[in-house]
Amino acid sequence: MRFNAVHYSPADLPLFNGLNVALQDHRVALIGRNGAGKSQFLRLAAGLIAADEGEVLLDGVAIAKDRRRALELVGVIFQNPDHQIIFPTVDEEMAFGLRHLPKPAATARIDAVLDRFGRGAWRGRAVQSLSQGQRQLLCLMAVLAMQPKLIVLDEPTSGLDLVTRLRLLQVLDALPQDVLHITHDLDAIADYDRVIWLDDGRVIGDGRPATVLPQYRAYMAEEAARAEPDC
Ligand SMILES: Nc1ncnc2c1ncn2[C@@H]1O[C@H](COP(=O)(O)OP(=O)(O)OP(=O)(O)O)[C@@H](O)[C@H]1O
């Protein structure tokens with residue numbers, strides 16, 4: 001994945017001004033304050049939005065221009081599964097991303113993923129009957145069935161209870177796919193391969209968690225100490 005001189009201004013307010021980033025690492029975390037540009041970075045990385053100037057390449061593919069390849073290459077998981085799930089049953093939801101495949105091939109993929117997660121009993125189950133954490137797992141399984149090269153996640157664990165959060169993180173840790181993970185949960189990314197710290201659309205920290213996370217924590221503590229208490 002490569003951001004080449006990316007300019008992007010949501011609603012005409014400049015955010016990225018010639019951003020250059022190359023990602024070759026298996027698990028990358030994206031951190032930064034509220035409004036730093038993490039979600040916009042992720043949307044550009046997934047080809048959900050196009051740069052105003054410059055380009056984002058994944059496997060040499062201009063991901064925003066080739067939507068068919070983008071869907072094959074990148075799977076996206078958002079914070080709230082209810083904003084992502086559109087079908088009433090587990091099978092239908094998982095089949096949606098596989099509609100380009102012949103039905104037997106799609107069914108085989110769905111069965112393989114359900115079995116891998118020990119969720120064979122979810123076949124035909126109503127999404128409404130699943131908890132929030134289970135819905136998040138459904139989103140992840142639907143993405144995995146599509147066999148993307150890269151999975152991008154925007155704060156997938158917020159709102160989950162501790163056990164569900166830990167389970168989801170274990171699943172993420174074991175994935176063979178490359179992962180780009182936005183989070184404010186610094187403990188979850190302590191053994192990632194790389195952490196990118198965004199601030200105001202710029203990369204201000206980039207490296208191993210052991211280097212970047214202490215700098216980030218120290219900076220945030222200073223910021224908090226400077227801020228007027230308003231609560
Ligand atoms: N649709 C939009 N229209 C206008 N401005 C936007 C839009 N989406 C995002 N922005 C602006 O872009 C900047 C980056 O937003 P972004 O959602 O990427 O931040 P973030 O780092 O993901 O923040 P958070 O941690 O709060 O989710 C913010 O200043 C935000 O106001």
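A nonpolar core is a set of buried Ala, Val, Leu, Ile, Met, Phe, Trp, Tyr and Cys residues joined through C-beta atoms within 7 Å. Keep that in mind while you work through these exercises on a predicted model.

**Exercise 1: the core**

Task: Find which residues touch the most other members of the largest nonpolar core, and which element gives the core its largest share.

Solution: 
- Step 1. The largest nonpolar core has 59 residues, and those touching the most other members are Leu30, Ala45, Val74, Met141, Val152 and Val195.
- Step 2. The largest share of this core comes from H5, with nine residues.
- Step 3. Now pick Ala45 and skip its neighbours within four places in sequence: Ala45 is in contact with Met1, Val56, Val152 and Leu180.
- Step 4. For background, nonpolar side chains tend to be buried together in soluble globular proteins.

**Exercise 2: buried, exposed or in between?**

Task: Sort Val76 and Arg135 by counting C-beta atoms within 10 Å.

Solution: 
- Step 1. You need the cut-offs: 20 or more other C-beta atoms within 10 Å means buried, 12 or fewer means exposed, and anything in between is partly exposed.
- Step 2. Val76 has 22 other C-beta atoms within 10 Å, so Val76 is buried. You'll find Val76 in strand S6, residues 74–77.
- Step 3. Not counting residues up to four places away in sequence, Val76 touches Ala46 and Val152. Val76 and Pro148 are 72 residues apart in sequence, yet their C-alpha atoms are 9.6 Å apart in space.
- Step 4. Arg135 has 19 C-beta neighbours inside 10 Å, so Arg135 counts as partly exposed. Arg135 sits in helix H5, which covers residues 132–145.
- Step 5. Leave out neighbours within four places in sequence, and the contacts of Arg135 are Pro81, Asp82, Ile85, Val127 and Leu130. Between the C-alpha atoms of Arg135 and Gln84 there are 9.6 Å, although 51 residues separate the two along the chain.

**Exercise 3: positive phi**

Task: Say where Ala11 lies and where Asp59 lies, then describe the phi of Ala11 and of Asp59.

Solution: 
- Step 1. Ala11 is not a glycine, but has a positive phi of about 50 degrees. Look for Ala11 in the loop between strand S1 (2–8) and strand S2 (16–22).
- Step 2. With 5 other C-beta atoms within 10 Å, Ala11 is exposed.
- Step 3. Asp59 also has a positive phi, near 55 degrees. Asp59 belongs to the loop between strand S4 (53–58) and strand S5 (61–62).
- Step 4. Asp59 has 12 other C-beta atoms within 10 Å, so Asp59 is exposed too.

**Exercise 4: around the ligand**

Task: Work out how the residues of the shell around the ligand divide by type.

Solution: 
- Step 1. Gather the residues around the ligand, among them Pro10, Ala11, Asn34, Lys38 and Gln40.
- Step 2. Sort the shell: you get five nonpolar, six polar and one charged.

**Exercise 5: the whole chain**

Task: Decide whether the radius of gyration of the protein chain agrees or disagrees with that of a compact globule.

Solution: 
- Step 1. For 231 residues, a compact globule would have a radius of gyration near 17 Å.
- Step 2. The protein chain has 18 Å, which agrees.
- Step 3. Check the contacts between residues at least 6 apart in sequence: 65% join residues at least 24 apart.

Note on methods
Residues numbered from 1 in each chain as written. Predicted model: local features only at pLDDT ≥ 70, side-chain atom pairs only at ≥ 80, totals over all residues. Helix = DSSP H or I, 4+ residues; strand = E, 2+ residues; numbered from the N terminus. Contact = placed C-beta atoms within 7 Å. Near = placed C-beta within 6 Å. Nonpolar A, V, L, I, M, F, W, Y, C, P; charged D, E, K, R; others polar. Rg over C-alpha atoms; globule rule 2.2 N^0.38 Å.
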